[in-house]
Amino acid sequence: MAADKPDAVRPRRAPVRPSFDPMTQPWVPSVLPFGPVPEKFLTPSWLKQVLAGSIQRPLNIPDESLRRAPGREGTPVEAAVLVPIVMRPEGLTVLLTQRTAHLNDHAGQISFPGGRVEASDVDVRATALRETEEETGLSRSFVECLGGLPRYITGTGFSVSPVTALVQPGFTLSPDAFEVAEVFEVPLSFLTNTANYRFHQVKLADGAQRQYYSVPWKQFFIWGATAAMLLGMCQILSEAASAQA
């Protein structure tokens, strides 16, 4: 998500930090009504077929919208992220970022590149492309947008529209040091294998319970909204693969 930089004209919202350490919470293997996506389906042409258009239907992922962080109540801020699927010769990957530790929103967390919808953006696709270029330096000339995944409302008060895209290799990156600590790629085959997702439940100080998924990759702990959106895309692809089996 886009950061509130020091010279931003919009009002700064109070920082939000998790009241627990998501990495240390107990977990169990995920039990889901859909299975892993066979690797034979993970091709650019098949993804274009399945992910084209705007997909808006309920998915089997946690709903953060029912519990808002203090100070983040009210109408969610419209935002968009890019789900950049890089067409590497050795296999498709998903490009992700690690946010810097000082940001007000999702500090230090793994996320898709993206941010708030601005008045100058003609649609959420334009937002996702603009924010991706600003955050990572990935030129839109390498990006072919496919479609949209279901909107996801975070507990921090964002209504996020994920835009899926194929990315041609050969690009160079110049990450914004204020917002981005690291840019890395994860094999799509790993992210579409349901066995790699962990299910966590944590009891909060007020007695409520929070549920979330994680999908750790190497030293990166992918959890919360990003893991949920990845799992949602996994469900869409899994169900499409099963229908064609």
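The legends below describe close-up views of a predicted model.

Residues are numbered from 1 along each chain as its sequence is written, and side-chain values use heavy atoms, with hydrogens and water left out. Because the model is predicted, local features need pLDDT of at least 70 and side-chain atom pairs count only at pLDDT 80 or more, whereas totals for chains, interfaces and linings use all residues.

**View 1. Confidence along the protein chain.** The chain averages a pLDDT of 89, where pLDDT is the predictor's confidence in each residue, from 0 to 100, and 88% of the residues score at least 70. Over residues 1-9 pLDDT stays under 50, and for this stretch the model has 35 contacts beyond four places in sequence, a contact being heavy atoms within 4.5 Å.

View 2. Thr132 lies in helix H2, which spans residues 124-136; helices (H or I, at least four residues) and strands (E, at least two) are DSSP runs, numbered from the N terminus. With a relative accessible area of 1%, Thr132 is buried, a term that stands for under 20% relative accessible area, with exposed over 50% and partly exposed in between (1.4 Å probe, protein chains only). Leaving aside residues up to four places away in sequence, Thr132 touches Leu82, Pro113, Gly137 and Leu138.

**View 3. The open sheet E1-E11-E12.** This sheet of 3 strands has antiparallel pairing, and two strands pair if DSSP finds at least two bridges between them. Strand E1 (27-29) and strand E12 (209-214) are the edge strands, each pairing on one side only.

**View 4. Pairing of E11 with E12.** Strand E11 (residues 198-203) pairs with E12 in the antiparallel sense over 6 bridges, and Arg198 has Ser214 in E12 as its bridge partner.
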